[in-house]
Amino acid sequence: MAAHVLTNAQVVLSGSTGGGDLTPFSGQISMMGKANQVDVTAFGSGGFQQFAPGIETFTHTLSGFSDMSATGVNSLVTAANLGNQYGLYCAPQGGATAGDPVIFTRGILSEFAPFGGGIGEASKFSMGLTSDTALIDGYVLAPLVSRGALTGTSVTMTGPTATQKVYAALYVTGAVGTGLTVTIQSAPLSNFASPTTRFTFTATSATGFQWAAPVSGAITDGFWRAVATVTTSTFTWAAHIGVLNNS
């Protein structure tokens, strides 16, 4: 067994009304799902209570050290952001390279404590997000960096099969320029001689996130990449992809 120790995880909360790269301030994250069980016990159950899987819920908590500066976490997220929708992702290995594993989702900021602690202690913040869609195990297609146009690195990913869907998300944390358009392509060969565009995100000139409508399989292409065009200047953004069974 090769246990993974969290040392350089990247954590980003992205939305049009706040958020950003919370990595420099964060020290703990938990992303958890639950399949609610519905009681379907009937006569003939043999004296045992029986259940069927019901609605799935995903709740996530994030905490770290408060920073009241103009660029600190307490300026990126405030109590005014409660109830707003955000994209959240955690790249356990840092997310600096295309192909790195990432867990991503979308949800509502449901809890927020800007600071707390005792005298002489480092003040801490905490927040909670409740997903309103799936929690996806996937891959980084484009790391979170400032850039202009991009033809991304080829990333190997299997599927989706006929019983699965592929999900994609775009997180924009910095917008200096105008006209960012990101597409996600797949291809049967790693040189992308004959690529197929699977997702096209809406062109944007602002920070925020986009959660693309999932695409059903089967898709036999084994290679994926992100491609971006920019009208002027640069944007700081990341793009991710992942496969999940159809529900």
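Select strand 3 (residues 26–39) to begin, since this strand gives the most to the lining of the second largest pocket, with four residues; strands here are DSSP runs of E of at least two residues, numbered from the N terminus. The model is a predicted one, in which local features need pLDDT of at least 70 and side-chain atom pairs count only at pLDDT 80 or more, while totals for chains, interfaces and linings use all residues. Residues are numbered from 1 along each chain as its sequence is written, and side-chain values use heavy atoms, with hydrogens and water left out.

Now display the whole lining of that pocket: Leu-6, Thr-7, Asn-8, Ala-9, Val-11, Thr-23, Ser-26, Gly-27, Gln-28, Ile-29 and Leu-62. A pocket is an open set of points on a 1 Å grid over the protein atoms alone, with protein on both sides within 12 Å along at least five of seven lines, and a lining residue has an atom within 4 Å of a point. The second largest pocket holds about 190 Å³ of space, a volume being the space filled by probe spheres set on the points, which are joined across faces, edges and corners.

Next, select Leu-13, Ile-29, His-60, Thr-61, Leu-62, Leu-88, Leu-109, Met-127, Gly-128 and Leu-129, which line the largest cavity, where a cavity is a set of grid points at which a 1.4 Å probe fits but cannot get out. About 70 Å³ of space lies in this cavity, and strand 4 (51–65) and strand 7 (124–131) each supply at least two residues of its lining.

Move on to Phe-104 and Trp-211, which form a tilted aromatic pair, 5.6 Å centre to centre with 55° between the planes. Rings of Phe, Tyr and Trp (its six-membered ring) pair if their centres lie within 6.5 Å, with planes under 30 degrees apart counting as stacked, over 60 as edge-to-face and the rest as tilted. Both Phe-104 and Trp-211 are buried, that is, under 20% relative accessible area with a 1.4 Å probe and protein chains only.

Finish at Trp-237, where the charged end of Arg-147 sits over the ring, 4.4 Å from its centre; the rule asks for CZ of Arg, or NZ of Lys, within 6 Å of the ring centre and within 35 degrees of the ring normal. Trp-237 is also among the residues with the most contacts inside the largest nonpolar core, which has 23 residues; such a core joins buried Ala, Val, Leu, Ile, Met, Phe, Trp, Tyr and Cys residues through side-chain atoms within 4.5 Å. Strand 17 gives this core its largest share, five residues.

Conventions: Buried means under 20% relative accessible area, exposed over 50%, partly exposed in between (1.4 Å probe, protein chains only).
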